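The points are grouped by topic.

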Amino acid sequence: MTGTGTDALHVWRRHADACVLLDGFHALKHALRFGAEVPVAVTGDRAAALALAGELAPDVRDALDGLLAEVPQETYASLVPRPHPTAVAALAVRPSRAAGLRKLAHTPRSAPVVVLDNPRNLGNAGAVIRLAAGFGATGVVTTGTLDPWHPTVVRGGAGLHYATTVERLSVEELPPGPVFALDPEGEDLRGVKLPDDALLAFGSERSGLSRELRARADHLLALPMRPQVSSYNLATSVAMTLYHWSATGGATHLR
Ligand SMILES: C[S@@+](CC[C@H](N)C(=O)[O-])C[C@H]1O[C@@H](n2cnc3c(N)ncnc32)[C@H](O)[C@@H]1O
């Protein structure tokens, strides 16, 4: 192992407990683009990772050149739950909760907050964070026990937690704003313009919207769906709703 690799492992061990694992090249690329503080990044193949950066992400190639330390493949594999094809992993500082809560509470808002009410599936949560980042949503709030910063969620979100705000809150603690809750029994979404300051709330994969969330909701909205189909997947429901917001006048800052 090179001296740089040994040093990187010391830094890794020092930060592993407090930091967020960025698993794979794309997660690291996104985190750097959106301003994450990355104390350490390692790879089993530095030349391949930098070649990938040159091809796919020239904007962060220099940053990666300065950051990436090469370690033996088996050392890299020991640092991650499941080796990623790009053999890249990094640790990033988790943004402060106080700053996140300030951003969520700030009004006027230029884009909605997505609320996942007691989600159960880590992959769904990651996919929703990626959607929120892509649509420039103000943030994603989860209620319930799922940790939205769990490594599997960060992996599913491709490191885009750093492109939006991600916090866990109770229903009583939700930020201000009208709550538009999505439910197959609601009014047809197609006739509604979603305001930029909306909280767009989605129910759990298993049981839909909780009693508490329904009580806080100002509107119940349905996605168009054929009779006899019970429901859509959670993340695809968020995708359709954010797209509807963008297509009816929101997200004017997006390409
Ligand atoms: C997999 S569904 C939940 C299904 C659950 N068995 C139920 O009883 O509602 C997860 C969430 O996606 C949203 N969703 C799914 N299909 C929808 C539809 N057709 N209209 C509005 N929201 C929908 C809702 O927020 C729902 O709570």
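The end C-alpha atoms of residues 113-243 lie 14 Å apart, and the span is 27% helix and 24% strand; helices (H or I, at least four residues) and strands (E, at least two) are DSSP runs, numbered from the N terminus. UniProt, in an unreviewed entry, places the feature "domain: tRNA/rRNA methyltransferase SpoU type" at residues 113-243; its positions are given in the numbering used here, feature names are shortened, and annotations may be inferred rather than shown by experiment. The model is predicted: local features need pLDDT of at least 70 and side-chain atom pairs count only at pLDDT 80 or more, while totals for chains, interfaces and linings use all residues. Residues are numbered from 1 along each chain as its sequence is written.

**Strand β4**
- In β4 (residues 88-92), 5 of 5 residues are buried (20 or more other C-beta atoms within 10 Å of its own; exposed means 12 or fewer, partly exposed in between; C-beta atoms are placed from the backbone).
- Val88, Ala90 and Ala92 point one way from β4, and Ala89 and Leu91 the other way.
- In a regular strand the side chains alternate between the two faces of the sheet.
- β1 (residues 20-23) runs antiparallel to β4 and is joined to it by 4 bridges (strands pair if DSSP finds at least two bridges between them); Leu21 stands opposite Leu91.
- β2 (residues 40-43) is also antiparallel to β4, with 4 bridges, and Thr43 has Val88 as its bridge partner.

**Ligand shell**
- The ligand is surrounded by 17 residues, the closest being Leu182, Gly203, Gly208, Leu223 and Ser231 (C-beta atom, placed from the backbone, within 6 Å).
- β8 (179-188) and α10 (234-247) are the elements that give two or more residues to this shell, and β8 gives the most, with 3 residues.

**Helix α10**
- The 14 residues of α10 should span 20 Å at 1.5 Å a residue, and its end C-alpha atoms are 20 Å apart, which agrees (expected span: 1.5 Å times one less than the number of residues).
- Leu234, Ala235, Ser237, Val238, Thr241, Leu242 and Trp245 are buried in α10.
- They cover an arc of only 155° around the axis, which puts them on the same side of α10 (arc of the directions from the helix axis to the C-beta atoms).

**Backbone details**
- The Thr107 to Pro108 peptide bond is cis, with omega near -5°; Pro108 is in the loop between α6 (97-105) and β5 (113-117).
- Ala87, in the loop between α5 (73-79) and β4, has a positive phi near 50° and counts as buried, with 21 C-beta neighbours inside 10 Å.
- Gln228 has a positive phi of about 85° and counts as exposed, with 5 C-beta neighbours inside 10 Å.
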